[in-house]
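Q: I am new to this structure and would be grateful for a close look at a single part of it. Please set that part in the context of the rest of the chain.

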Amino acid sequence: FADAACIHVNKLLKFFLTNVDHEICVSHTNKENLVLRAALAPGGVSVIPNAVNTSRFLPDPSRRPSRPTINVVVVSRLTYRKGIDLLVDAVPAIC
């Protein structure tokens, strides 16, 4: 959080969240990040995780490949900060 862009974003966060009564984040990591960057009280920030309705997104067992197949599924943006580089390094060791 120490480069010029981050310092500017931190100031903007503080400015825009000044009159907000309560913040909601999608993860505990996101909450910790927001509390640090915007200098917020942790009690004023809640976490409501993203959710998936597993009854709507249930894989069809008949379409599964025979064992010993390993499937790696990633639902994310392909950006460095999401750790996709770690996945790319780990896949050869797994498969």
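Does P61 count as buried or exposed, and at what relative accessibility?

A: P61 counts as exposed because its relative accessibility is 55%; exposed means over 50%, buried under 20% and partly exposed in between, with a 1.4 Å probe and protein chains only. The model is predicted, with local features needing a pLDDT of at least 70 and side-chain atom pairs 80 or more, while totals for chains, interfaces and linings use all residues. Residues are numbered from 1 along each chain as its sequence is written, and side-chain values use heavy atoms, without hydrogens or water.

P61 lies in the loop that joins β2 to α3. Helices (H or I, at least four residues) and strands (E, at least two) are DSSP runs numbered from the N terminus. Confidence in the chain is highest in strand β2, residues 45-47, at a mean of 95, and lowest in helix α3, residues 84-94, at 85. The chain as a whole averages a pLDDT (confidence per residue, from 0 to 100) of 85, and 98% of the residues score at least 70.

A separation of 40 Å lies between the C-alpha atoms of P61 and E23, which are 38 residues apart along the chain. E23, in turn, is in contact (heavy atoms within 4.5 Å) with L17. Beyond four places in sequence, L17 also touches L34, A38 and L40.

L17, L34, A38 and L40 belong to the largest nonpolar core, whose 7 residues also include C25, V35 and V45. Helix α2, residues 28-38, gives the most to this core, with 3 residues. Such a core is a set of buried Ala, Val, Leu, Ile, Met, Phe, Trp, Tyr and Cys residues joined through side-chain atoms within 4.5 Å.

Conventions:
pLDDT = per-residue confidence, 0-100.
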